[in-house]
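Visitor: I would like to learn how to read a protein structure. Please show me one and take the features in turn.

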Amino acid sequence: MSERKLYIADDNFEFAEYLMTVAQRLGWTVQTCSNGNELLALLYSGDGPAVVLVDINMPEKDGIEVIEGLSEVSRPLRFRFMTGGADAPMLAAKLMARARNLSVGRNLYKPIPMDNLKRVLVDEWDALLQLEKAPNLPAE
């Protein structure tokens, strides 16, 4: 696995640009979108392993609805849910993702300091490599 793919779903354009810029400087190939429908389309049309940063509160489809729409994706994916708000929706999304046997890392709270974001991307790449080697191990 050589190409580090990252999908960012966040309706805050400036925040998504910040995440994308940091990731690209670290060598990631990044695709951004502003709602859950766009994210699902990207995840279904793409291939190979990827890390997915998902804002919980988005228009059209939120983070929870994205998880509900992932039943047919068969590629290795690692999810991190993000919010600037309450914990309850993130906890719900994380529980739903795990119930669907998706690999989920710890929640991220906005704003995400650059050093923390860089560490998260390194950690998620390592977790994705482990997921590819042993896809049936429990998440996190």
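Guide: Start with burial: buried means under 20% relative accessible area, exposed means over 50%, and partly exposed lies in between (1.4 Å probe, protein chains only). With 1% relative accessibility, glutamate 124 counts as buried. This is a predicted model, in which local features need pLDDT of at least 70, side-chain atom pairs count only at pLDDT 80 or more, and totals for chains, interfaces and linings use all residues. Residues are numbered from 1 along each chain as its sequence is written, and side-chain values use heavy atoms, with hydrogens and water left out.

Visitor: Which residue meets glutamate 124 in a salt bridge?

Guide: The general idea is that side chains of opposite charge can pair when their charged atoms come close. A salt bridge is counted when a side-chain nitrogen of Lys or Arg is within 4 Å of a carboxyl oxygen of Asp or Glu. Here the partner of glutamate 124 is arginine 78, at 2.6 Å from N to O. Arginine 78 is in strand S4 and glutamate 124 in helix H5, 46 residues apart, so the pair links distant parts of the chain. The labels come from DSSP runs numbered from the N terminus: helices are H or I runs of at least four residues, and strands are E runs of at least two.

Visitor: Is arginine 78 buried or exposed?

Guide: Arginine 78 is buried, as its relative accessible area is 5%. Its side chain also has a polar contact of 2.8 Å with the side chain of serine 103. A polar contact is a pair of N or O atoms within 3.5 Å; within protein, one must be able to donate a hydrogen and the other to accept it, and residues adjacent in sequence count only if both atoms are side-chain atoms.

Visitor: How many salt bridges does the structure hold?

Guide: There are five. Among the residues involved, Asp10, Asp55 and Lys110 are linked in a network of salt bridges. In one of these pairs, lysine 110 and aspartate 10, the closest N and O atoms are 2.6 Å apart. Lysine 110 lies in the loop between strand S6 (108–109) and helix H5 (114–133), and aspartate 10 in the loop between S1 and helix H1 (13–25), so this pair ties together parts that are 100 residues apart in sequence. Lysine 110 also meets aspartate 55 in a salt bridge of 3.2 Å, N to O. That pair joins strand S3 to the loop between S6 and H5, 55 residues apart.

Visitor: Which strands does S3 pair with?

Guide: Two strands pair if DSSP finds at least two bridges between them. S3 runs parallel to strand S1 (residues 5–9), with four bridges, and parallel to strand S4 (residues 77–83), with six. For example, isoleucine 8 has leucine 53 in S3 as its bridge partner, while aspartate 55 has methionine 82 in S4. From S3 the chain crosses through helix H3 (residues 63–68) to S4 in a right-handed β-α-β crossover. Right-handed means that, with the strands pointing away from the viewer, the path from the first strand over the helix to the second runs clockwise.

Visitor: Which residues touch the most other members of the largest nonpolar core?

Guide: A nonpolar core is a set of buried Ala, Val, Leu, Ile, Met, Phe, Trp, Tyr and Cys residues joined through side-chain atoms within 4.5 Å. The largest has 25 residues, and Leu39, Leu43, Val52, Leu70, Phe79 and Phe81 touch the most other members. Helix H2 gives the most to this core, with four residues.

Visitor: Where is leucine 39?

Guide: Leucine 39 is in helix H2 and is buried, with a relative accessible area of 0%. Its C-alpha atom is separated by 6.2 Å from that of alanine 9, 30 residues apart along the chain.
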